[in-house]
Amino acid sequence: MNTRTQSRFGTPELLFMLSVGVLIVVVAFPMLLIFFNAFWVDGHFNVADVVRVLQRKETYEALLNSLILSGGVTVTGTIVGTFFAWLVTRTDLPFKKTMKLLFLVPFMLPAFIGALAWKMLLSPRAGYINRLFMDVLGFDGPLFDIYSYAGIILVETMYLFPFVFIQVSGALERMDPTLEESARISGADLFTITRKITIPLVLPSILSGALLIMLYSMAHFGTVAVLGVETGIYNIPVLIYEKIHQSAGSFDSIRTATVLATVLVLTAALIMWMQNRVLAKGKYQIIAGKSFRPTELKLRGLRIPMLILCIVYIGLTIVLPTVTIFLVGGLKTYGLSFTLENLTWANYNHILFEWDLTRDSIWNSISLGLASALITMFAGVIISYVIVKMKVRGKGFLEFLGMLPFSVPGSVIALGVILAWSGKFGINIYNTVWIILVAYIARYMAFSLKANSAALEQVHDSLVEAARASGASMAQALRDVVVPLVRPGMVAAFFLIFLPALRELTVSVLLYGPTTRTIGVAIYTLNEDGETVYSAALAGIALIIIVLGEVLIKRLVTQKNGA
Amino acid sequence: MNSVRIEADNIAFSYGEPRVLRDINLSIEACELFAVVGPSGSGKTTLLRVLAGLEQPSHGSIRLNGVDVRDIPVAGRNVGMVFQNFALWPHMTVFENIAFGHPSAQSSGTETVEARIEKLLAILDITETRAARPAQLSIGQQQRVALARALVHEPRLLLLDDPFSNVEQELRKQMRHDLRTLQRKLGITTILVTHALEDALSIADRLAVVVHGTIRQIGSPTAIYDFPNSIDVARFVGVENFLAGTLRHVERQMIEFASPDIGTLRWPMRDRPAEGPSVLSIRPHALHLCPIDSFRDGRYSWIEGDVVASEFLGEVVRYRIAIGNAELSVKQPHYLGATATPAGTQVLIGFDPSRARIFPAGQNADMSTPE
């Protein structure tokens with residue numbers, strides 16, 4: 001070490017080393033273990049063995065299914081999302097503002113709970129709607145079999161289309177209306193303007209939303225696990241789950257899982273890379289300055305049919321599944337019809353106050369959510385401070401480490417955590433609540449870094465310099481100037497982590513032990529065990545907690561902005 | 001080129017309750033460069049959009065060469081428009097931007113569209129940018145591309161929405177000069193909307209001052225600058241001093257203006273305004289600042305006051321002078337090496353009353369609102 005670096009080793013370098021240390025232990029080490037386990041067989045590097053694993057039927061079927069399902073969901077979700085985004089921003093549809101808010105609601109609902117509801121409604125023999133058609137209306141077969149590729153794609157589309165909807169409606173709203181007006185003046189008709197001006201300009205938003213759907217669907221466990229189990233449709237996360245659970249600890253299944261995880265990581269990386277390219281290429285300045293309202297397409301005779309279409313869509317994606325969950329949760333036995341004498345509060349009472357398994361799961365989820373949100377929030381603010389504000393070499397590496405889990409599927413993180421913390425390296429927290437906590441921290445660190453970096457970017461360096469010039473020490477400047485200004489970012493980070501953690505399934509389902517079920521795991525396993533009614537009741541409770549949480553944030557955020 | 005005369009009768013427009021435009025009457029001659037000026041938010045851009053057909057007026061009619069255009073859609077009106085932010089399509093090259101649209105653009109007469117674009121690019125001196133994207137161009141080039149796009153279809157009417165607003169001072173002077181030359185060369189009827197008086201004064205044949213959605217005055221640049229017809233217009237064209245008082249007719253052709261702040265002044269005026277409560281207005285540079293003990297030249301009226309503040313602006317120094325309860329703004333030319341008169345100094349202000357304008361008091365409720 002030369003003298004220059006010796007003399008330069010102060011607080012920034014210490015914080016930097018600390019941040020790197022934390023991220024390596026929590027994020028990089030487990031990930032590296034996955035690649036190591038996948039490619040390192042019997043003490044040497046071995047690709048042939050990886051190929052052999054990939055050639056197994058179950059492996060390439062899982063791969064193929066992942067491609068079919070996520071491809072299908074991406075196509076349908078993008079069409080649905082773009083169409084509704086256009087409808088609420090560019091036509092004279094009645095109640096547009098309300099509709100826009102309602103289209104965002106599916107984002108709040110966990111997809112696997114939706115899948116559960118649709119299973120109750122449309123499973124080929126027992127589903128309520130199918131039974132209505134067969135028993136009452138006299139059809140020969142079920143109306144629709146939800147246990148199919150089409151069924152899974154349909155359900156995932158319902159809950160993932162907002163990715164595209166948000167991006168596209170945002171782009172259409174921010175787009176400078178004069179870009180279209182100047183085309184009108186040049187003599188083009190609405191069709192030409194849409195084709196040559198509007199669509200090319202919002203295409204980057206459409207594509208980036210589509211890739212988000214693909215990324216999410218690729219890594220999605222719940223819906224496929226709930227709807228695919230009967231007919232043997234499984235994707236990569238489901239296969240990883242089965243490998244880990246059914247042949248617990250065997251070397252071969254761990255290896256298969258790591259190979260699958262590697263494939264998943266590579267796919268996700270490819271998708272992220274494509275998204276970056278799309279965004280970099282299509283970064284047009286289309287934001288409006290002085291805003292006149294864009295020309296609205298007059299729907300005329302289609303106005304009411306379109307409104308009905310929206311209402312039906314919202315009814316089918318939000319109202320019907322939610323009502324089904326609450327009603328089934330109140331049934332004395334699954335399969336009874338929804339009449340008053342078949343309904344009871346006893347189930348809700350039982351799972352909330354009497355049954356350890358469900359009561360514990362709620363407690364586990366809340367405490368895990370709080371703990372991971374708090375830890376990630378504080379760690380995130382320090383690490384993003386180093387990334388954004390400090391002039392240390394190698395901070396790009398730090399940023400890369402922190403953002404890595406953003407695109408890494410939950411199953412991969414869980415698998416990495418298992419490899420790292422189940423005794424091989426001296427620490428065994430497998431089957432305890434701590435391993436889930438570590439996994440949550442790794443998974444949600446990127447959320448916290450994003451929110452905190454955004455807040456810190458806005459705190460200009462000169463503010464700290466001004467505080468120093470007024471005689472404050474660095475610590476005082478941080479405490480009195482920086483922290484108050486980044487507090488909104490920290491609050492945002494907290495909720496961005498707490499709420500998804502509450503309903504988490506993909507990670508915890510790989511890590512839970514006998515006493516460490518989370519709400520998501522409890523709902524999922526109860527359903528697997530045939531306890532459909534209790535599963536629905538718990539899902540109902542989860543929905544209430546989630547909605548209350550969302551409302552609370554909206555309140556907090558709007559109050560903050562108003563002040 | 002087939003330029004057009006444009007008439008607007010009694011136009012009104014609103015987006016909802018507060019009327020954006022009302023009682024707009026205009027008559028613009030073929031080949032004229034007509035400017036619409038006014039403070040921001042006065043409705044001038046909306047007026048341009050109504051003329052373009054982007055907005056339908058809620059009342060009134062627009063005629064191009066005597067033909068009512070109410071039922072002619074934007075595309076059929078054959079107008080060219082340059083938007084404030086130029087609205088160039090970022091995903092197209094300069095050439096594609098200019099060539100876009102117009103079913104009639106396939107060919108007109110002997111000239112192909114391509115040849116016409118090449119000619120326009122050459123006239124506007126942007127030939128080398130034809131394959132570039134708008135984001136790669138300078139502001140000046142972007143403006144010329146927008147102009148080329150507006151002109152390529154040989155419009156009968158050219159509409160310009162504050163095309164200089166995003167441009168820094170020096171470039172701006174060059175651009176407006178170029179615009180004027182081109183407009184002359186093509187002989188195309190042009191309406192220029194701007195919030196900057198200087199742009200309008202320097203190149204327009206005539207201008208209309210729009211305040212709060214109505215046209216307050218139409219006239220040549222010098223007429224409007226020298227003879228604003230209301231306090232609002234006077235304020236907009238840079239008159240800063242407004243003194244309340246009472247006007248009386250005395251003798252023949254003589255008027256007397258009495259104000260508690262400056263006392264009583266008398267001077268001859270041929271078309272005498274009505275007697276009664278009035279407001280006297282005068283430009284800051286029509287006032288002369290002299291030492292308190294100067295000889296009081298009989299050509300001027302003289303008032304005593306105290307310097308409150310001075311502001312060095314380069315070519316001139318602007319003083320605030322307290323006179324009674326009022327304050328006057330005075331601009332004096334700055335000479336090499338001269339220092340500003342310090343605050344607190346007693347001074348004499350001399351002025352020629354015939355350079356003042358008299359408005360009836362209470363003509364505008366917002367007289368006292370500062371700009």
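Figure 1. Arg5(B) is partly exposed, its relative accessibility being 30%, whereas Glu7(B) counts as buried at 16%. Buried here stands for under 20% relative accessible area, exposed for over 50%, and partly exposed for what lies in between, with a 1.4 Å probe and protein chains only. The structure is a predicted model, in which local features need pLDDT of at least 70 and side-chain atom pairs count only at pLDDT 80 or more, while totals for chains, interfaces and linings use all residues; side-chain values use heavy atoms, leaving out hydrogens and water. Residues are numbered from 1 along each chain as its sequence is written, and chains are lettered from A and ligands numbered from 1 in the order in which they are written. Arg5(B) and Glu7(B) form a salt bridge, with 3.7 Å between the closest N and O atoms. The term salt bridge covers a side-chain nitrogen of Lys or Arg within 4 Å of a carboxyl oxygen of Asp or Glu. A network of salt bridges links Arg5(B) and Glu7(B) with Asp9(B) and Arg63(B).

**Figure 2. The salt bridge between Arg180(B) and Asp205(B).** The two side chains meet with an N to O distance of 2.7 Å. Distant parts of the chain are linked by this pair: Arg180(B) belongs to helix 5 (residues 169-186) of chain B, and Asp205(B) to the loop between helix 6 (197-203) and strand 11 (206-211), 25 residues apart. Helices (H or I, at least four residues) and strands (E, at least two) are DSSP runs numbered from the N terminus. Arg180(B) has a relative accessible area of 14% and is therefore buried; Asp205(B), at 25%, is partly exposed.

**Figure 3. The salt bridge between Arg255(A) and Asp49(A).** In chain A, the closest N and O atoms of Arg255(A) and Asp49(A) are 2.4 Å apart in a salt bridge. Arg255(A) sits in helix 14 (residues 251-281) and Asp49(A) in helix 3 (residues 47-55), so that distant parts of the chain, 206 residues apart, are linked. Both Arg255(A) and Asp49(A) are buried. Over all chains, a search of the whole structure finds 34 salt bridges.

**Figure 4. The interface of chain B with chain A.** In this interface, 28 residues of chain B are in contact with 21 residues of chain A, contact being heavy atoms within 4.5 Å. About 2100 Å² is buried between the two chains, 64% of it on carbon and sulfur atoms. Trp89(B), His91(B) and Phe100(B) supply 26% of the area that chain B buries against chain A, more than any other three residues. Buried area is the accessible area (1.4 Å probe) that two parts lose on being put together, summed over both. One salt bridge is counted between chain B and chain A. The side chains of Glu181(A) and Arg49(B) meet in a salt bridge, at 2.6 Å from N to O.

**Figure 5. Two positive phi values in loops of chain B.** Asn65(B), a residue other than glycine, has a positive phi near 50°. Asn65(B) is found in the loop between strand 4 (59-64) and strand 5 (67-68), and a relative accessible area of 41% makes Asn65(B) partly exposed. Ala87(B), also other than glycine, has a positive phi near 50°. The loop that holds Ala87(B) runs between strand 6 (79-82) and helix 2 (94-99). Ala87(B) counts as buried because its relative accessibility is 3%.

**Figure 6. Helix 7 of chain A and its neighbours.** Helix 7 spans residues 128-136 of chain A, and its buried residues are Tyr128(A), Asn130(A) and Phe133(A). These buried residues pack against helix 6 (111-122) and helix 15 (303-329) of chain A. Just after helix 7, Gly138(A) takes a positive phi of about 75°.

**Figure 7. The surroundings of Ala373(A).** Ala373(A) is in helix 17 (residues 356-389) of chain A. With a relative accessible area of 0%, Ala373(A) is buried. Leaving aside residues up to four places away in sequence, Ala373(A) touches Phe494(A), Ile497(A) and Phe498(A). Val491(A) is 118 residues from Ala373(A) in sequence, and the two C-alpha atoms are 9.8 Å apart in space.
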